[in-house]
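Please read it with the sequence and structure open.

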Amino acid sequence: MGRLVDGKWQDVWYDTKATKGRFERSQSQFRNWVTADGAAGLSGKGGFKAEAGRYHLYVSYACPWAHRTLIFRKLKKLEDFISVSVVDYLMLENGWEFKKRDGATGDDLFGSDYLYQVYLKADPHYSGRVTVPVLWDKQQNTIVSNESAEIIRMMSSAFDDLTGSDLDFYPAKLHEEIDALNAVVYDRVNNGVYKAGFATTQEAYEEAVTALFETLDTLDQRLETSRYLFDDKITEADWRLFTTLLRFDPVYVGHFKCNIRRISDYPNLSGYLRDLYQHPGIAETCNLVHIKGHYYGSHKTINPTGIVPIGPLLDLETAHGRERLGG
Ligand SMILES: N[C@@H](CCC(=O)N[C@@H](CS)C(=O)NCC(=O)O)C(=O)O
């Protein structure tokens, strides 16, 4: 775990001293957008037109943020249009590494050893964290974006003329509602588990865990009568919640001490998780060996022995019974 400072790698863990033990996630710095015609998007510069074979994704199967992009690449039929490299699941003193083992592919573009070397190709003086996912432009040789929330929005629509996909996970009439729910789920659930797990004071931990379970309780109620978060059509908000729910019982309950309840204890969230997992194409994007191996093996300040628990037994394949709610 570490960061680049003016282009030099430094091996440092998150500093929570200045924030009373609270983990604060830093902002992603590459914020350009791929658009259908290459015009500038909501932030950054223009010049990134949607074209077949031009872009490359760097992901980790372990990472919930990168997992979003793998799901959108699959569902939006982008696999033949955007290539992908998968980092090794262990993230140690050199940050994310490229190795060819257990589904990790190595760096298919440059043969790099470490992901920070890819960041340095885009900006030799980069300062900041070296995170996945990364959307790379093979034409301009730079990073388009390292912000998953924005990469999935690009994938949602920019390539539609090429792929012929008309699946819309962010329908215009729901923009405000989806954005509002995403903001809560991001703060209290997606990032909430990290705030609990990386807290270094009791107060910071309890604050995060309390907010997390209050929100899970509310979501479970919402899903009592609604198959997905917005009635019977899957939206972006569902996929953003899914990647955290998938990791919850195998990792966040134990490793991040998010243990008031398990997802399997929630009557509706548990079936909802299975429903999304069983959606065509999704199981192939899920890799529990990388997920468990990464968290338990990489965070030595939390789990010094690196031992990966064998359990829990998961039932992701069993019937979810949610067809009764429509969709
Ligand atoms: N806001 C970013 C966050 C990405 C992120 O933090 N990814 C983690 C992996 S789960 C990472 O690469 N962490 C490395 C680090 O913080 O040094 C996004 O959603 O794309």
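Pro-133 sits in the loop that runs between strand E7 (128-129) and strand E8 (134-137). The model is predicted, and the points below are grouped by topic.

**Backbone geometry**

- A cis peptide bond also joins Gly-311 and Pro-312, where omega is about 0°. Pro-312 belongs to the segment after H10.
- Asp-102 is not a glycine, yet its phi is positive, at about 50°. Asp-102 is placed in the loop between strand E6 (95-96) and helix H2 (115-122).
- Asp-102 has 13 other C-beta atoms within 10 Å, so it counts as partly exposed.
- Asn-141, also a residue other than glycine, has a positive phi near 50°. The loop that holds Asn-141 lies between E8 and strand E9 (142-145).
- Asn-141 is exposed, because 11 other C-beta atoms lie within 10 Å and the cut-off for an exposed residue is 12 or fewer.

**Ligand surroundings**

- The ligand is surrounded by 14 residues. The closest are Cys-63, Trp-65, Arg-129, Thr-131 and Ser-148.
- Sorted by class, this shell holds seven nonpolar, five polar and two charged residues.

**Domains and their contact**

- The domain assignment gives domain 1 as 3-163 and domain 2 as 172-279 + 318-325.
- The C-alpha centres of domain 1 and domain 2 are 24 Å apart.
- In the contact, domain 1 takes part with twelve residues and domain 2 with 16 residues.
- On the side of domain 1 that touches domain 2, helix H1 (residues 64-75) gives the largest share, four residues.
- That side of domain 1 divides by class into five nonpolar, three polar and four charged residues.

**Helix H7**

- Helix H7 covers residues 202-222, which is 21 residues. At 1.5 Å a residue H7 should span 30 Å, and its end C-alpha atoms are 30 Å apart, so the two values agree.
- Which residues of H7 are buried? They are Tyr-205, Ala-208, Val-209, Leu-212, Leu-216 and Leu-219.
- Seen down the axis of H7, the buried residues fall within an arc of 95°, so they line one face of the helix.
- An α-helix has 3.6 residues a turn, so residues three or four places apart point the same way.
- Gln-202, Glu-203, Glu-206 and Thr-218 are exposed residues on the face of H7 turned away from the buried side.
- The cover over the buried residues of H7 includes helix H5 (175-190), helix H6 (192-197) and helix H9 (267-277).

**Helix H8**

- Helix H8 (residues 236-252) has 17 residues. From first to last C-alpha H8 reaches 22 Å, close to the 24 Å expected at 1.5 Å a residue.
- Of the 17 residues of H8, 16 are buried, so the helix is largely enclosed by the rest of the structure.

**Helix H10 and the segment after it**

- Ile-291 is part of helix H10 (residues 288-298).
- Is Ile-291 buried or exposed? Ile-291 has 22 C-beta neighbours inside 10 Å, so it counts as buried; the cut-off for a buried residue is 20 or more.
- Leaving out residues up to four places away in sequence, Ile-291 touches Tyr-61, Ala-62, Arg-247, Pro-250 and Val-251.
- One of these contacts, Ala-62, is 229 residues from Ile-291 in sequence, while their C-alpha atoms are 4.0 Å apart in space.
- Asn-303 is located in the segment after H10. With 16 other C-beta atoms within 10 Å, Asn-303 is partly exposed.
- Asn-303 touches His-255 and Tyr-296, with residues up to four places away in sequence not counted.
- Asn-303 and Arg-153 are 150 residues apart along the chain, and 35 Å separates their C-alpha atoms.

Definitions and conventions. Residues are numbered from 1 along each chain as its sequence is written. This is a predicted model: local features need pLDDT of at least 70, side-chain atom pairs count only at pLDDT 80 or more; totals for chains, interfaces and linings use all residues. A residue is near a molecule or strand if its C-beta atom, placed from the backbone, lies within 6 Å of it. Ala, Val, Leu, Ile, Met, Phe, Trp, Tyr, Cys and Pro count as nonpolar, Asp, Glu, Lys and Arg as charged, and the others, Gly among them, as polar. Helices (H or I, at least four residues) and strands (E, at least two) are DSSP runs, numbered from the N terminus. The expected span of a helix is 1.5 Å times one less than its number of residues. The arc is that of the directions from the helix axis to the C-beta atoms. Two residues are in contact if their C-beta atoms, placed from the backbone, lie within 7 Å. Domain bounds come from an automatic or database domain assignment.
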